[in-house]
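Subject: Structure for you to look at

Hi,

Here is the structure I said I would pass on. Have it open while you read, and I'll go through what turned up.

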Amino acid sequence: MFENFDIRSWQVDWSAVLVASAVLVAALLVAYLLYRALFALVGKLTALSASETDHIVVDRMRAPVKWSVLAIAVTIAAEQNALLGSLWEPFARFLRPALLGWIAYTLVKGFSTALELRLEHTEDPVAMRSRRTRIAILSRTATIAIVVITIGLMMLGIPGVRDIGTTLLASAGFAALAIGAAAQPALKSLIAGLQMAITEPVRIGDLVVIDGHTGRVEEIKMSFVIVRTWDERAVIIPTDQFLDDGFENWTRRAESLSGPVFLHLDPIADIGPIREEFTRFVEAHPLWDKRTVSVLVTEAYPESVEVRMAVSANTVADLFNLRCAAREHMIAWLNQHQPEALIRHRLEVPGGTDKAPEPSEP
């Protein structure tokens with residue numbers, strides 16, 4: 001490695017060392033000045049842009065670009081100086097793919113962060129959830145690919161590992177079959193995650209019902225989905241289960257929903273005044289979105305009738321609160337104006353108080 005190193009005299013050719021050091025310092029200085037000039041120009045260009053995306057990407061790229069420019073400068077200097085080249089080349093085999101991977105990783109993260117910030121200005125909540133889900137899944141997929149490729153390129157810099165890889169090419173078919181069989185669940189989840197990103201059957205923020213659980217989709221990973229229920233439990237659902245078993249998506253197109261309020265009343269109930277009071281209450285309520293209000297008798301039984309009162313609201317939370325308020329109000333109104341419409345069951349308990357005797361005839 002050291003051509004000018006004399007082992008017998010334990011002396012180093014300091015002139016060669018000084019020359020290599022001077023070349024190294026000059027290359028680093030020129031590279032740093034070039035980096036500063038480049039980002040000064042880019043900074044002026046981004047200052048003219050009103051988009052936050054440019055500023056975020058440029059800020060994220062400063063560190064990897066700086067070290068990459070310095071590494072390129074050292075590589076160019078090492079080609080001109082043998083001593084510097086003998087010292088630099090073993091490290092460069094690992095450093096070059098690492099820097100490339102760092103740049104690619106930073107680009108992915110920078111663009112995903114910028115796109116998520118742009119979603120804050122989106123007024124359509126459905127479009128915002130759709131784009132956020134697609135950004136999350138695709139950025140994770142790209143990150144995994146970048147990490148795997150970077151590690152593979154770095155490992156190829158080791159001669160022994162490269163020789164082993166060349167030997168394994170002869171049995172690549174058997175290795176591919178073995179790896180495919182072992183990684184079948186992971187590959188299935190990966191393909192399911194990509195399919196969900198493209199087709200978007202479920203998105204971050206959607207209200208879903210799956211496997212008996214109702215909640216909001218909090219996070220979508222490549223292998224599982226986190227559903228946060230109303231009682232703050234985090235339910236972990238495998239990604240492929242959404243595509244294999246099916247589920248209910250209550251907010252697929254929009255947040256606005258309609259929901260029923262059921263009342264079981266005595267057949268003697270007068271439905272006309274009930275319909276008028278329910279309509280009056282809902283139309284005056286601030287949570288109603290002015291879309292749906294109706295009262296229908298949907299079932300009739302020998303001892304009761306089923307009254308279905310439908311309402312609508314802009315969000316799921318508003319709909320739940322409006323249904324609860326309407327149910328409470330109608331029960332109170334029936335108690336006051338039509339108490340006979342409320343069903344009452346009376347039972348005779350064996351062994352209870354005897355009935356009063358029948359009056360005898362005079």
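Leu70 sits in helix H2, which covers residues 52-80. With a relative accessible area of 16%, Leu70 falls under the 20% cut-off, so it counts as buried. What does Leu70 touch, once its neighbours within four places in sequence are left aside? The contacts are Leu28, Ala31 and Tyr32. Take Tyr32: it is 38 residues away from Leu70 along the chain, yet the two C-alpha atoms are separated by 6.8 Å. By the way, this is a predicted model, so keep that in mind throughout.

You'll find Thr143 in helix H4 (residues 125-156). Its relative accessible area is 13%, so Thr143 is buried. Not counting residues up to four places away in sequence, Thr143 touches Tyr105, Val108 and Lys109.

Now zoom out for a moment. The chain has 362 residues, and 33% of them count as buried. It contains 10 helices and 8 strands. If you take the contacts with a separation of 6 or more, 66% of them join residues 24 or more positions apart.

Next, the nonpolar cores. The largest one has 27 residues, and the members that touch the most others are Leu265, Ile274, Phe278, Val307, Met309 and Leu334. Which elements each supply at least two residues of this core? They are strand S6 (257-265), helix H9 (271-284), strand S7 (288-300), strand S8 (305-313) and helix H10 (316-337). H10 gives the largest share, with 7 residues.

Leaving aside neighbours within four places in sequence, Met309 is in contact with Gly259, Pro260, Val261, Leu263, Phe278, Ser294, Val295 and Met330.

The crossing of H9 and H10 is right-handed. On the H9 side, the residues that meet H10 are Pro273, Ile274, Glu277, Phe278, Arg280 and Phe281. Sorted by class, this contact has 9 nonpolar, 1 polar and 2 charged residues.

Most residues other than glycine have a negative phi. Asp211 is not a glycine, yet its phi is positive, at about 55°. Where is Asp211 found? Look in the loop between strand S1 (207-210) and strand S2 (213-220). Asp211 has a relative accessible area of 56%, so it is exposed.

Glu232 is another non-glycine residue with a positive phi, this one about 70°. Its place is the loop between strand S3 (224-229) and strand S4 (234-238). Is Glu232 buried or exposed? Its relative accessibility is 64%, so Glu232 counts as exposed.

How values were computed: Residues are numbered from 1 along each chain as its sequence is written. This is a predicted model: local features need pLDDT of at least 70, side-chain atom pairs count only at pLDDT 80 or more; totals for chains, interfaces and linings use all residues. Side-chain values use heavy atoms; hydrogens and water are left out. A nonpolar core is a set of buried Ala, Val, Leu, Ile, Met, Phe, Trp, Tyr and Cys residues joined through side-chain atoms within 4.5 Å. Buried means under 20% relative accessible area, exposed over 50%, partly exposed in between (1.4 Å probe, protein chains only). Helices (H or I, at least four residues) and strands (E, at least two) are DSSP runs, numbered from the N terminus. Contact means heavy atoms within 4.5 Å. A crossing is left-handed if the near helix is turned anticlockwise from the far one by less than a right angle, and right-handed if clockwise. Ala, Val, Leu, Ile, Met, Phe, Trp, Tyr, Cys and Pro count as nonpolar, Asp, Glu, Lys and Arg as charged, and the others, Gly among them, as polar.
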